[in-house]
Amino acid sequence: MEIACPRCAQVDQVQSVPAVFQSGQTTYRVRGGMTAVPAGDGVVYTATTHTGVSVTATAAALNPYPMLRGGGCFLALALFLLIPAFVFVSFATDVLAENPAPTAGGRAGQAIGAWIFPFGAFALVALFAVLFVLRLRRNARIRRGIPDALAYWRQAWFCHRCGGVFFPRGELMSAATFRGQVWRAGDYAGISRRR
């Protein structure tokens with residue numbers, strides 16, 4: 001069975017979306033020149049290498065799901081900020097214990113001033129912890145939706161001549177419109193499209 005593009009009615013430039021996506025990715029490895037590195041009494045020669053993946057704009061536009069993004073930086077920041085938060089608590093309790101203000105208003109102002117930094121530090125810890133949990137939930141939502149999105153995505157065809165995507169017996173649509181439909185099928189249409 002030949003699948004013809006609904007716009008140009010040709011079959012020679014029609015390819016399945018998964019095939020277009022796969023053929024638009026190329027793995028490469030570049031080896032650089034030799035570099036002399038001093039080591040002890042001698043010199044060691046090393047070569048630099050770089051490995052990566054080159055992705056065409058068409059393949060990127062047909063990517064079936066959003067990029068999973070790590071959240072470890074948020075967790076690391078939250079844990080790191082616990083140290084100054086507890087140091088600030090220690091300073092605040094010491095200041096309030098050693099220098100009590102003579103009036104009630106002075107003591108209230110002194111308490112507010114002493115606890116500003118600990119409160120701010122713990123607020124930042126809470127913010128980064130919440131961002132970490134939100135990132136985990138976003139990634140879990142994407143993982144849950146991948147099978148449904150892929151099932152929908154695999155049924156589509158791409159016309160290289162017209163630059164659009166279509167389903168058999170359907171209308172030609174832009175890659176962006178198609179991606180929105182795939183994301184709705186995977187139930188992650190509301191997730192930010194930022195990479």
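Predicted model: local features only at pLDDT ≥ 70, side-chain atom pairs only at ≥ 80, totals over all residues.
**Stop 1: the annotated spans.** Residues 72-92 are 100% helix and 0% strand, with 30 Å between the end C-alpha atoms. Now look at 112-134: this span is also 100% helix and 0% strand, and its end C-alpha atoms sit 31 Å apart.

**Stop 2: helix 5.** Jump to residues 175-185. Which residues of helix 5 are buried? They are A175, F178, R179, G180, V182 and W183. Show the neighbours too: the buried residues of this helix pack against helix 1 (17-23), helix 2 (57-61), helix 4 (104-153) and strand 5 (164-166). Just past the end of helix 5, click on D187, which has a positive phi of about 60°.

**Stop 3: the largest nonpolar core.** Select V17, L62, W153, V165, F178 and Y188. Out of the 21 residues in this core, these touch the most other members. Helix 1, helix 4 and helix 5 each bring in at least two core residues. Helix 4 gives the largest share, with five.

**Stop 4: zoom in on V165.** Leaving out residues up to four places away in sequence, what does V165 touch? Its contacts are V17, L62, A156, W157, F158, E171, L172, M173, A175 and F178.

Key
Residues numbered from 1 in each chain as written. Heavy atoms only, no water. Helix = DSSP H or I, 4+ residues; strand = E, 2+ residues; numbered from the N terminus. Buried < 20%, exposed > 50% of the residue type's maximum accessible area, 1.4 Å probe, protein only. Contact = heavy atoms within 4.5 Å. Core = buried A, V, L, I, M, F, W, Y, C linked by side-chain atoms within 4.5 Å.
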